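Subject: Structure for your review

Hello,

Please find the structure below. Notes on what was found in it follow.

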Amino acid sequence: MTIFPVSTSTLSEKELGEFIKDAYSLNKNFSCKLFRTGMNHTYFLSDSNTKYVLRVYSYNWRFKLEITEEIELLKLLKDHNLSVSTPIEDKNGKYIQEINAPEGIRYAVLFSFAQGEKVRFLKKETCFLIGSLMAKIHNITLNKTIKRISYDEKSLLELPYQYLTQFFAEKLPEMKFIKEISKFFQKTDFENTQKGLVHMDIWYDNMAVLNEKEITFFDFDFCGNGWQVLDVGYFCKQLFHVESDKKEYELKMLSFLDGYQSIRALSENEQKLIPKAGLVVFVFYLGVQAQRYDWSNIFLSENYLKMFTGRMKSWMEYNKEKIEL
């Protein structure tokens, strides 16, 4: 009987664990457990003393060069003693493993485990530290470029809209709303903001907090080139949706910005662009969900589109003096 081809597989914990233990000369007491599937698949490898994170990239999601560039960025940040999850070399000095999965070659990278917890409701003081760490990363990567995506009008707005048209009629009010967003982008002078490398996904789900004082960023899978205010805007927008009490949001947002500016100043123009920056990153991620339908098909629907654009509209309404379509 012919074996039917697959587009996405979930690798066996047991066999994957044996493969990684051999590649990294880990002791036999290490166990491998699937943590979650999603954009990529994440496994934990641990024994009684040590824990690692194994990311298995989805098939055809990232080129090997893109992963190499991500690794080099993390090594740069580590060299500057910044608190990020870092890649681990195998016994032969390699960072990237190639796995012959049913769908084709998939890449895997072992990372250090970020100590601490994911904290949804952050304290004001923690927000300050998050801002300062983000600013330190931006300072080190200011005016640098890597061989990965550049975040601009095309990648943030045009392509996401195209991906969405595969699933939703353009006559839908939500689709018209998304298309309208690109109009203000033409009038916004992002070119006068600081450029460099961006993480693009800094929020509570991609950081560990230890004792409310030690912050570690991880998951740089979307890192690339762009206006660094995008990271600032995205964090503020995510914080806005977490905090139902907008007075609390304002206090924490201002503390985050104070932390950022204790390291690096934001120009008046960049501060004004924070709401718009957060908005366009949300459009980008809606496009990712359409682009990666194998990952998002459990919720990509008209109801989900209404909910997601509703979040954008609530953000715009809150910042109505700063965002006008």
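**Aromatic rings**

Ring pairs join Trp61, Tyr151, Phe222, Tyr234, Phe282, Phe284, Tyr285, Trp295, Phe299, Tyr304 and Phe308 into a cluster; rings of Phe, Tyr and Trp (its six-membered ring) pair if their centres lie within 6.5 Å, and planes under 30 degrees apart count as stacked, over 60 as edge-to-face and the rest as tilted.

This is a predicted model, in which local features need pLDDT of at least 70 and side-chain atom pairs count only at pLDDT 80 or more, while totals for chains, interfaces and linings use all residues. Residues are numbered from 1 along each chain as its sequence is written, and side-chain values use heavy atoms, with hydrogens and water left out.

The structure holds 24 aromatic pairs. Phe222 and Tyr285 form an edge-to-face pair, because their ring centres are 5.1 Å apart and their planes stand at 80°. Phe222 lies in the loop between β8 (214–217) and β9 (224–227) and Tyr285 in helix α8, so the pair ties together parts 63 residues apart in sequence. Helices (H or I, at least four residues) and strands (E, at least two) are DSSP runs, numbered from the N terminus. Phe222 counts as buried at 8% relative accessibility, and Tyr285 is buried at 10% (buried means under 20% relative accessible area, exposed over 50%, partly exposed in between; 1.4 Å probe, protein chains only).

Phe240 and Trp315 also pair edge-to-face, with 5.2 Å from centre to centre and 70° between the planes. Phe240 lies in helix α6 (residues 229–242) and Trp315 in helix α10 (residues 302–318), so this pair ties together parts 75 residues apart in sequence. Phe240 and Trp315 are buried.

**Nonpolar cores**

A nonpolar core is a set of buried Ala, Val, Leu, Ile, Met, Phe, Trp, Tyr and Cys residues joined through side-chain atoms within 4.5 Å. The largest has 89 residues, of which Leu156, Met200, Phe217 and Val232 touch the most other members. Helix α8 (residues 268–291) gives this core its largest share, 13 residues. A second, separate core of 17 residues includes Leu16, Ile99, Ala108 and Leu110.

Leaving aside neighbours within four places in sequence, Val232 is in contact with Met134, Phe256, Leu257, Tyr260, Leu266 and Ile274 (contact means heavy atoms within 4.5 Å).

Regards
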